[in-house]
Amino acid sequence: MRKGFFPLIVAVIALLCLASCNKVPRHYQMVQNMSDGKQIVDTFDAENDTVALNMYLDRMSNIIIQNMNKNDSTAAKIESMYVLSPEGDTLNTNPELMDAIERQLN
């Protein structure tokens with residue numbers, strides 16, 4: 001009877017490890033509202049909300065830096081940017097999540 005438990009325990013542990021390794025990335029959206037009324041939506045994948053918010057902040061920084069060099073006054077300007085979780089939550093307005101990101105940066 002004791003010999004029967006060991007293979008069962010090993011099989012359960014193997015299945016748990018296999019299930020935890022097969023995490024599917026979640027789909028997030030970065031939305032840019034432009035001054036001309038257009039809305040640009042960029043979809044990206046991330047493991048969780050914290051990773052998605054970090055990716056959003058990196059992209060937002062790059063976009064701001066790129067737009068600083070543009071002197072074309074007729075081009076549409078970005079009025080607002082935000083990131084949406086798969087559940088539809090706006091991540092960059094979540095104070096707890098923003099605090100967690102800020103602590104990571106310090």
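Me: Which residues form a nonpolar patch on the surface?

Reply: This is a predicted model, in which local features need pLDDT of at least 70 and side-chain atom pairs count only at pLDDT 80 or more, while totals for chains, interfaces and linings use all residues. Residues are numbered from 1 along each chain as its sequence is written, and side-chain values use heavy atoms, leaving out hydrogens and water. A nonpolar patch joins Val, Leu, Ile, Met, Phe, Trp and Tyr side chains within 5 Å, from residues with over 30% relative accessible area and no salt bridge (a Lys or Arg side-chain nitrogen within 4 Å of an Asp or Glu carboxyl oxygen). Here I64, I65 and M68 form the patch, with about 320 Å² of accessible area together (Shrake-Rupley method, 1.4 Å probe, only the protein chains shown counting as cover).

Me: Why does I64 count as partly exposed?

Reply: Buried means under 20% relative accessible area, exposed over 50%, and partly exposed in between (1.4 Å probe, protein chains only). I64 counts as partly exposed because its relative accessibility is 42%.

Me: In which sense do strands β1 and β2 pair?

Reply: Strands are DSSP runs of E with at least two residues, and helices are runs of H or I with at least four, numbered from the N terminus; two strands pair if DSSP finds at least two bridges between them. Strands β1 (residues 26-34) and β2 (residues 39-46) pair in the antiparallel sense over 8 bridges, with H27 partnered by D45 in β2. Strand β3 (residues 78-84) also runs antiparallel to β1, joined by 6 bridges, and S80 in β3 is the bridge partner of N33.

Note on methods:
Patch = residues over 30% accessible without salt bridge, like charges linked within 9 Å, V, L, I, M, F, W, Y side chains within 5 Å.
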